[in-house]
Amino acid sequence: MGEKRSHKLDYNCLMLKFDIPNWSDFITNLIKEDDVYNTETNSYGLEHEPHVTLLFGIHDYVDSDEFKKILVPIRHIKCKATKISIFENKDFDVVKFDIDGNYLHKINYDLRNGVDYTTSYPEYHPHMTIGYVKPGTGKKYRKNLKN
């Protein structure tokens, strides 16, 4: 089935990582193996490290002190998954949790205004990727979550 992505990134990213018990069991039970999109280099598949990206595209030369200025004042971040949705493109669908959380948009805004980065995504949509599936198969996984 899916493996960890192994492709090299051109930029850095700052992620909020989660320790979710039974995550691997959950995603392998949710996503049908026949639907999983992958490449010969295992560059996609299922996401085995649950996280929310706070900002992607951070330039290599950005010093960690810049992050500290933004992150140290924040004491407690609460997040919840509101629904399972998808991003569609020609090669694959991304099945993901939409994440609602205090401070996520503020952190992203402060990072965008405080560090050098490059992105082709002008809007921030906090999400937690579940996995990459073959084009057109992601629709069947969409649903609203109650709790």
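Me: In what order do the four strands of the open sheet stand, and is the pairing parallel or antiparallel?

Reply: Strands are DSSP runs of E with at least two residues, helices are runs of H or I with at least four, both numbered from the N terminus; two strands pair if DSSP finds at least two bridges between them. Here the order is β5-β4-β3-β6, with antiparallel pairing. The edge strands, β5 (127-133) and β6 (143-144), each pair on one side only. This is a predicted model: local features need pLDDT of at least 70, side-chain atom pairs count only at pLDDT 80 or more, and totals for chains, interfaces and linings use all residues. Residues are numbered from 1 along each chain as its sequence is written, and side-chain values use heavy atoms, leaving out hydrogens and water.

Me: How many bridges join strand β3 to strand β4?

Reply: Nine bridges join β3 (residues 79-88) to β4 (residues 93-101). Within this pairing, F87 stands opposite V94 in β4.

Me: How is a pair of aromatic rings described?

Reply: The description uses the distance of the centres and the angle of the planes. Rings of Phe, Tyr and Trp (its six-membered ring) pair if their centres lie within 6.5 Å; planes under 30 degrees apart count as stacked, over 60 as edge-to-face and the rest as tilted. By this rule there are eight aromatic pairs. One of them, W23 with F26, is tilted, at 6.0 Å centre to centre and 40° between the planes.

Me: Is W23 buried or exposed?

Reply: Buried means under 20% relative accessible area, exposed over 50%, and partly exposed in between (1.4 Å probe, protein chains only). W23 counts as buried because its relative accessibility is 5%, whereas F26, at 34%, counts as partly exposed.
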